[in-house]
Amino acid sequence: MSSVAVTAQTAGRGAARAAAKRRRRVPIGGSARRAGRLTYFLLAAVLLISIFPLYYTLLLGSSDPVSIAQNPVPQWLPDLSLFQQFQTVITDSNINFWKALWNSTLIGVLSSVSVVFFSTLAGYSFAKLNFRGRGPLLVFVIATMAVPVQLGIIPLYILMSEIGWYGQVQAVIVPGLVTAFGVFWMTQYLSEALPYELIEAARVDGASMFRTFWSVAMPAALPAAAMLGLFQFVQQWTNFFWPSIILTSENPTLPLVVQSLRDNYFVDYSLVMGGVFLVTLPLLVLFFFIGRQLVAGIMAGAVKG
């Protein structure tokens, strides 16, 4: 058995013993306290407030412009007319819905994979490697999060125009290949979750620097990497500001499709809200299937005191 496996087994046994001690520890007050009714009431209130905008979108999408103009809440339950709005959005020849769906999916997937890989690579370097200027460089990366995105729009637009990427999907993908938040997130997680012993054991076995990262650090970072990838996908899926500047109506994304549903002189809010819900629906399905993994990733990536 290699030293990497032996070290991993030792670390696993130590983690199991620590977990057993935490389970045997008696909490303050002599017994475990359960959440009271007030806690459940507050959680239910927050849940209802969070769901209400989506529910109101359903109501408006199931109505007609006349009903919406007469009553801000035209009905209390959505009906099948919502699917007619879906069909209008999908079949309208002036919208390019399927092109926008492909572009949004391509941008979201490529950006998520790239951000996860490069952020984990940078986070591993900052967390576990010793090199000159590591601390100031990490502070500089984190400080860039305080710079508003709008400040770099004009130079970025000029650059994309000069290299001929105006109206192209790569003009949205390339600027988002790595993010400062992703580097910070993975640095914080790997500094706690990856023992130095595993890295040293891999080096003793003759693993190269990149092989150590790929075989040791990457598996340890999977919970936080899954959360980061999902966060980046949602951010790119709903991104409107930069695509509205650099892309055209012939090569749009889904948020631009919703924008194109508005007429110059009249806004059919039922059609717009139907388009909004149609664009949001894939995210709801995604969260439904991987909601537990998202919560696990957030809890695993929390900074330990």
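**Notebook: helix packing in a predicted model**

**Entry 1: α5 and α9**

I looked up the geometry of this pair. Helix α5 covers residues 97-128 and helix α9 covers residues 180-193. Their packing angle is about 50°, and the axes lie 7 Å apart. The two helices are therefore oblique to each other.

Next I listed who touches whom. From α5 I noted S119, T120, A122, G123, Y124, F126, A127 and K128. From α9 I noted G182, V183, M186, T187, L190 and S191. I sorted the residues of this contact by type: seven are nonpolar, six polar and one charged.

**Entry 2: α5 and α11**

I then followed α5 to another partner, α11. Here the angle is about 105°, with 11 Å between the axes. An angle from 65 to 115 degrees counts as roughly perpendicular, so α5 is roughly perpendicular to α11.

On the α5 side I found V116, F117, T120, L121 and Y124. On the α11 side I found M209, F210, T212, F213, W214, A217 and M218. I counted the types again for α5 with α11: 10 nonpolar, two polar and no charged residues.

**Entry 3: α10 and α11**

I moved on to helix α10 (residues 196-204) and helix α11 (residues 209-220). They pack at about 130°, and their axes are 10 Å apart. That angle makes α10 oblique to α11. I read the crossing of α10 and α11 as right-handed.

L198, I199, A202 and R203 of α10 meet M209, T212 and V216 of α11. By type, I logged five nonpolar residues, one polar and one charged for this contact.

**Entry 4: the UniProt record**

I looked up the annotation. The unreviewed UniProt entry gives "transmembrane region" for residues 38-56, 106-126, 138-160, 172-191, 212-234 and 269-290.

I examined two of these spans in the model. Residues 38-56 are 100% helix and 0% strand, with end C-alpha atoms 27 Å apart. Residues 269-290 are also 100% helix and 0% strand. The end C-alpha atoms of residues 269-290 lie 32 Å apart.

**Entry 5: confidence**

The chain has a mean pLDDT of 82, and 83% of its residues reach 70 or more. Confidence is lowest in helix α1 (residues 3-24), with a mean of 46. The highest value goes to helix α8 (residues 170-173), at 94.

I marked two stretches for caution. Residues 1-12 stay under 50 in pLDDT, and the model has 14 contacts for them beyond four places in sequence. Residues 22-31 are also below 50, with one contact beyond near neighbours in sequence.

Conventions. Residues numbered from 1 in each chain as written. Predicted model: local features only at pLDDT ≥ 70, side-chain atom pairs only at ≥ 80, totals over all residues. Heavy atoms only, no water. Axes fitted to C-alpha atoms, helices over the stretch in contact; angles between N-to-C directions. Helix = DSSP H or I, 4+ residues; strand = E, 2+ residues; numbered from the N terminus. Parallel < 35°, antiparallel > 145°, perpendicular 65-115°, else oblique. Contact = heavy atoms within 4.5 Å. Nonpolar A, V, L, I, M, F, W, Y, C, P; charged D, E, K, R; others polar. pLDDT = per-residue confidence, 0-100. Left-handed = near helix turned anticlockwise from the far one by under 90°. UniProt positions renumbered as here; feature names shortened; annotations may be inferred.
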